[in-house]
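Please check each of them against the structure as you go.

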Amino acid sequence: MNSYNIFARFYDYLNQNVDYDAGSSFISGIFKDNNVKSVVDLACGTGIMREKLINEGFEVIGIDASCDMLSQAQQRLTDYSGKFSLLNAKMQDFELEEHVDGFICCLDSINHLTEQEDVLKTFKNVYNSLNDGGIFIFDVNTVYKHQTALNNRAYVYDEEDFFLSWDNELLEDNIVRIMLDFFVYNGESYDRYSEEFNERAYSKEALCDMLKSAGFNSINIYGGFDFSEPKIDSERIFFVCIK
């Protein structure tokens with residue numbers, strides 16, 4: 001997986017349209033209804049969701065494969081010393097010292113796993129790390145989104161201190177190649193940084209099959225934070241799975 005070094009620096013800015021408050025309310029509500037205390041934030045990124053869950057009273061472990069993302073998370077959470085821990089590991093390979101009550105995996109992180117084998121390994125790893133009755137909540141970008149909103153589309157961000165060219169290329173098996181070119185102002189001129197990574201969209205049926213293979217039997221799928229049913233044109237769907 002890409003290290004996301006320059007992407008980590010601008011990650012929060014590029015996701016400023018994400019409704020983290022609604023997402024954390026959705027997650028914390030489910031967790032509190034099921035007496036969840038300890039939580040793992042899988043592929044935690046810069047730690048925004050983890051910060052909100054800590055403020056809700058949960059014990060949270062953050063796991064991410066990118067040291068750059070974890071560095072950003074560490075800076076964000078300096079005021080929460082002793083209330084969190086960070087682990088540098090891949091989603092499909094992490095090991096915990098003790099089982100936990102809940103897992104979250106937000107902002108289409110599962111889509112970054114482009115091989116079904118790695119998705120299944122991740123689901124098995126989560127299942128084996130949960131206490132009985134534990135909850136696994138994650139979201140994914142849908143096949144519909146990959147074939148429409150991300151299908152060979154390009155976006156440009158022209159900001160005061162950086163310029164970003166964001167290109168998407170749809171490949172086989174609903175894989176989107178994401179190519180980022182950052183031009184960052186250094187006070188006199190612009191430094192160029194380029195990053196590239198792939199995301200794959202999986203059907204609801206494929207994800208359910210893998211979850212069941214991992215051991216999950218109670219699987220609920222929603223189209224939004226209002227617990228609505230997914231639609232044909234839903235761009236993001238949410239899974240709530242119980243061990």
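1. Tyr157 counts as partly exposed, because its relative accessibility is 25%, where buried means under 20% relative accessible area, exposed over 50%, and partly exposed in between, with a 1.4 Å probe and protein chains only. Tyr157 sits in strand β6, residues 154-158, and elements of this kind are DSSP runs numbered from the N terminus, helices being H or I of at least four residues and strands being E of at least two. Once neighbours within four places in sequence are set aside, Tyr157 is in contact with Tyr13, Leu14, Phe162, Phe163, Leu164 and Trp166, contact meaning heavy atoms within 4.5 Å. For Tyr157 and Leu14, a sequence separation of 143 residues goes with a C-alpha to C-alpha distance of 9.1 Å.

2. On provenance, this is a predicted model, in which local features need pLDDT of at least 70 and side-chain atom pairs count only at pLDDT 80 or more, while totals for chains, interfaces and linings use all residues. Residues are numbered from 1 along each chain as its sequence is written, and side-chain values use heavy atoms, with hydrogens and water left out.

3. The largest nonpolar core has 41 residues, and Phe7, Ile27, Phe31, Ile137 and Phe182 are those with the most contacts inside it; such a core is a set of buried Ala, Val, Leu, Ile, Met, Phe, Trp, Tyr and Cys residues joined through side-chain atoms within 4.5 Å. At least two residues of this core come from each of α1 (5-14), α2 (20-33), α3 (48-55), β5 (130-141), β7 (162-170), β8 (175-185) and β11 (236-242). The most is given by α1, with 6 residues. Apart from this core lies another, of 30 residues, which includes Ala89, Val119, Val140 and Met210.

4. Which residues does Ile27 contact, leaving aside its neighbours within four places in sequence? They are Met49, Leu53, Ile104, Cys106 and Ile137. Met49 and Leu53 are also among the buried residues of α3, together with Ile48, Arg50 and Ile54.

5. Two packed helices are described by the angle between their axes and the distance between the axes. For α2 and α3 the angle is about 50 degrees and the axes are 10 Å apart, the axes being lines fitted to C-alpha atoms, for helices over the stretch in contact, with angles running from 0 to 180 degrees between N-to-C directions. That makes α2 oblique to α3, since angles under 35 degrees count as roughly parallel, over 145 as roughly antiparallel, 65 to 115 as roughly perpendicular and the rest as oblique. The crossing of these two helices is right-handed, a term used if the near helix is turned clockwise from the far one by less than a right angle, and left-handed if anticlockwise.

6. On the α2 side the contact is made by Tyr20, Asp21, Gly23, Ser24, Ile27 and Ser28, and on the α3 side by Ile48, Met49, Lys52 and Leu53. By class, the residues of this contact are 5 nonpolar, 3 polar and 2 charged, where Ala, Val, Leu, Ile, Met, Phe, Trp, Tyr, Cys and Pro count as nonpolar, Asp, Glu, Lys and Arg as charged, and the others, Gly among them, as polar.

7. Beyond its neighbours within four places in sequence, Gly134 is in contact with Asp101, Cys241, Ile242 and Lys243, and its C-alpha atom is separated by 7.3 Å from that of Val36, 98 residues apart along the chain.

8. Backbone phi values deserve a separate remark. Asn35, in the loop between α2 and β1 (38-42), has a positive phi near 60 degrees although it is a residue other than glycine, and Asn35 is exposed, with a relative accessible area of 55%. Ala43, in the loop between β1 and α3, likewise has a positive phi, near 55 degrees.
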